[in-house]
Amino acid sequence: MIFQPAILALLFADLVAILLLSWTLVLAYRVVRHWDLHRSTALQVRLERQTVLAATLVAFACLTQGLSLLLLVHTADALSELFTGAMCAVGTLNAAPGGFIALDLRIGLFFLAASWLVVHLLDGRCPDYPLTRAKFGLLLGWLPMSILAAWWQGFYFLGLKSDVITSCCGGLFDARGASFTAELSGWPVRPAMWAVGISWLAVTAAALRVALSGNGARLLALLAAINLLVMEAGVVSFVSSYVYEHPNHHCPFCMLKVDYQAIGYGIHGPLFLATALSLGLGLAAQLNPTRDIPDPARPLARRLAHVVLRLSGVLALVLVWVVQRSHLRLME
Amino acid sequence: MGRTGSLMSPWIERQAAFIDHAVRAMGRRRAHQIGLWLVYTLLVFLLASVMLFAHALRHEARLLLRDAPELVVQRLEGGRHALLSAAHLESLRAIRGVGQIVPRLWGYYYDPISRANYTLMTPHDDPPPPGRMIIGAGIARVRGLAVGDLFSLKGGDGKSHALTVHGTFSSASELISSDLILMHEADLRPLLSIPEGWYTDLALTVAQPREVAKVAEKVMQRLPEARPILRAELLRTYHALFDWREGILLTLLSVVLLAFVILVWDKASGLGAEERREIGILKAIGWQTGEVLAMKLWEGAILSLSAFLVGYVLAYLHIFVAPAPLLEAMLKGWAVLYPAFVLPPRVDGVQVLTLFFFTVFPFIAAMVIPAWKAAVTDPDAVMR
């Protein structure tokens, strides 16, 4: 199965990203150890020059990680045609050991990469670069995680055999089962809707506060992280049923298919982007010694919070549209 | 909205200025860039041709198999394909979930003159009258046959059977009908030595598509010597086959890509005197390292995106207008009576993304470090 073009592209992209990150590793270590903007030593001047390059390389690696997540999900969906029993990406991810771990690691890397980019953008707005040392410190942890994700993904793809009979979303998201996903599928509609609504409101209010004052970025990040989990649970619990117009179909992956207007991308796209931006803002505040966004970076942070607000608005519109146009009625 | 828009525009204006400067700088070094651009375009063209062709073939196979029966039952004897009798057919009728069972009569005929195998078949509905046949465009081409001509076939009984050409298939259906001859049952049985009451295989329709695998299981219980072939399995096999061929070609081409990336690195590292002077001047008038780096990256992005676009369009024309002369034999396979067909255009967004990963990413990655080395050049060192 390794000779699938999309799989080759994913492995290739991982290789490029790891090479780029490896190049920055030594520099990252030096920055963490020796960075001091108040000194005018030759080493400091060299570090300042090299951080420009390293930041560009890492930004490039970030872009790779983002697109890799999209490509992995779509590839898993497209490959489902090759496995007996697979109807969507779940079947493909189940067809060999490590499929879901590879996906989870990829999602983790996406949020890490996107948050790093936000921190980097905000840091660039400050004349004294208050986040530089911390953001390069993060790189030291990022590279091992990238290698782990690439290794796990490669291990999973190498294990894919086309003669495997796999189980698909019908089993994983069956409300009568005993697993965690089954519990989510069985979450009653009314409380699930309330939870999703409250969670959305909380994130929107927090984003509004950051957009207006530049304060409260860490709270926004915390609420966005919780919101991501609540929204995903809501998608499994009731959004999926409205999309498929079937009360017992709870798969969050089938909705990525063209048969359902690829509405899954319309839901997960704004959700993931808004979460990533919020996490980035919170991380920037956390890394700053004052535990808030550095003053010179506040205008940009407020603009990014505006983007979060817009993405939340798009997400809400998509969810309302899904429920409105569906012929299924889960509540009287 | 207005506020954000007004704040976004300086950034866009800044990038537009970088692009403008990059385009002018590239224009001044046309001769230096054109060779690289041509090699890059050729590379994208090759990779995109492979991907577009394989994708169109997969789609075509899916369309063709859409009308195939959900389940075909063949019988094996000593591990080889054997005929099925009317009694076998009756034994399958009782299986719940089976709709219609159509016994099929077909076989292969080797023609020593054209050195090709033909597929002889009796259609279940509306067969040609006895003594007449309908032939595929490929057979008509290699044997120079037209409607009304007599065509003689040597039967299993040792005798020659002359049949009149009643009609030919249109070229639109050539992919499936190129080597096909349709004839009446009374002509086919003596030609292929199939006794009365025996059939080549059985086509089963299953009312509920989800039950196909279950029906196949029941067929195996009633006829242990049977081999059920599922349409979904056929589709999977085609899919895997084309994917595999495409992947092998892409892997081979990746080596070329690697050589290209090394070339890009080498080219980008060797700054010309003119380019050094230009960077020196930019830094002397106040450009920051990051800005010079951004400008150099825009140069790379313009070069790679234009090569990507032109290469992709050329590949599209190559595959869907010129029917893929460079790749046909490798991806389609080979046969004496290979059908001549034009693939309907198909472009897939993810396929474009995959190609983007293969080509633009390594190119820009190879550009970054040499571009930075250029960007950190001290202005006084260059100007002196």
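**Ground rules.** I number residues from 1 along each chain as its sequence is written, and chains are lettered from A in the order in which they are written. Because the model is predicted, local features need pLDDT of at least 70 and side-chain atom pairs count only at pLDDT 80 or more, whereas totals for chains, interfaces and linings use all residues.

**Entry 1: domains.** I looked up the domain bounds, which come from an automatic or database domain assignment. Chain A is given domain 1 (1-167) and domain 2 (170-332), and their C-alpha centres lie 23 Å apart. Chain B is divided into domain 1 (12-64 + 237-383) and domain 2 (102-199), with C-alpha centres 50 Å apart.

**Entry 2: between the domains of chain A.** I counted residues in contact, that is, with C-beta atoms, placed from the backbone, within 7 Å. On this count, 22 residues of domain 1 of chain A are in contact with 24 residues of domain 2 of chain A. Helix 2, helix 3 (89-94), helix 4 (99-124) and helix 5 (132-159) of chain A each supply at least two residues of the domain 1 side; here helices (H or I, at least four residues) and strands (E, at least two) are DSSP runs numbered from the N terminus. The largest share of that side, eight residues, comes from helix 4 of chain A. I sorted the side by class, with Ala, Val, Leu, Ile, Met, Phe, Trp, Tyr, Cys and Pro as nonpolar, Asp, Glu, Lys and Arg as charged, and the others, Gly among them, as polar. The side of domain 1 of chain A that touches domain 2 of chain A divides into 17 nonpolar, two polar and three charged residues.

**Entry 3: between the chains.** I then found that 25 residues of chain A are in contact with 29 residues of chain B. Helix 1 (5-34), helix 2 (42-79) and helix 11 (298-325) of chain A each supply at least two residues of the chain A side, and helix 2 of chain A gives the most, with ten residues. By class, the side of chain A that touches chain B has 16 nonpolar, six polar and three charged residues.

**Entry 4: the nonpolar cores.** A nonpolar core is a set of buried Ala, Val, Leu, Ile, Met, Phe, Trp, Tyr and Cys residues joined through C-beta atoms within 7 Å. A residue is buried if 20 or more other C-beta atoms, placed from the backbone, lie within 10 Å of its own, exposed if 12 or fewer, and partly exposed in between. The largest core has 160 residues, and those with the most contacts inside it are A:L281, A:A284, A:A301 and B:L47. Leaving aside neighbours within four places in sequence, A:L281 is in contact with residues including A:V118, A:V210, A:I293 and A:L304.

**Entry 5: strand 9 of chain B.** Which residues of strand 9 of chain B point one way, and which the other? B:L180 and B:L182 point one way from strand 9 (residues 180-183), B:I181 and B:M183 point the other way, and all are buried. Strand 5 (residues 116-122) of chain B pairs with strand 9 in the parallel sense over three bridges, where two strands pair if DSSP finds at least two bridges between them. Within strand 9, B:I181 stands opposite B:L120. Strand 6 (residues 132-135) of chain B runs antiparallel to strand 9, joined by three bridges, and the bridge partner of B:M133 is B:M183.

**Entry 6: B:M183.** Why is B:M183 called buried? B:M183 is buried because 26 other C-beta atoms lie within 10 Å. B:M183 and B:P129 are 54 residues apart in sequence, and 7.5 Å apart in space, C-alpha to C-alpha. Leaving aside neighbours within four places in sequence, B:M183 is in contact with B:L120, B:T122, B:P128, B:M133, B:L163 and B:L188.

**Entry 7: helix 6 of chain B.** The buried residues of helix 6 (residues 185-192) of chain B are B:D187, B:L188 and B:L191. They lie on the same side of the helix because they cover an arc of only 95° around the axis, taken from the directions from the helix axis to the C-beta atoms. An α-helix has 3.6 residues a turn, so residues three or four places apart point the same way. These buried residues of helix 6 pack against strand 4 (98-111), strand 5, strand 7 (150-154), strand 8 (160-168) and strand 9 of chain B. Just after helix 6 of chain B, B:S193 takes a positive phi of about 55°.

How values were computed: Two residues are in contact if their C-beta atoms, placed from the backbone, lie within 7 Å.
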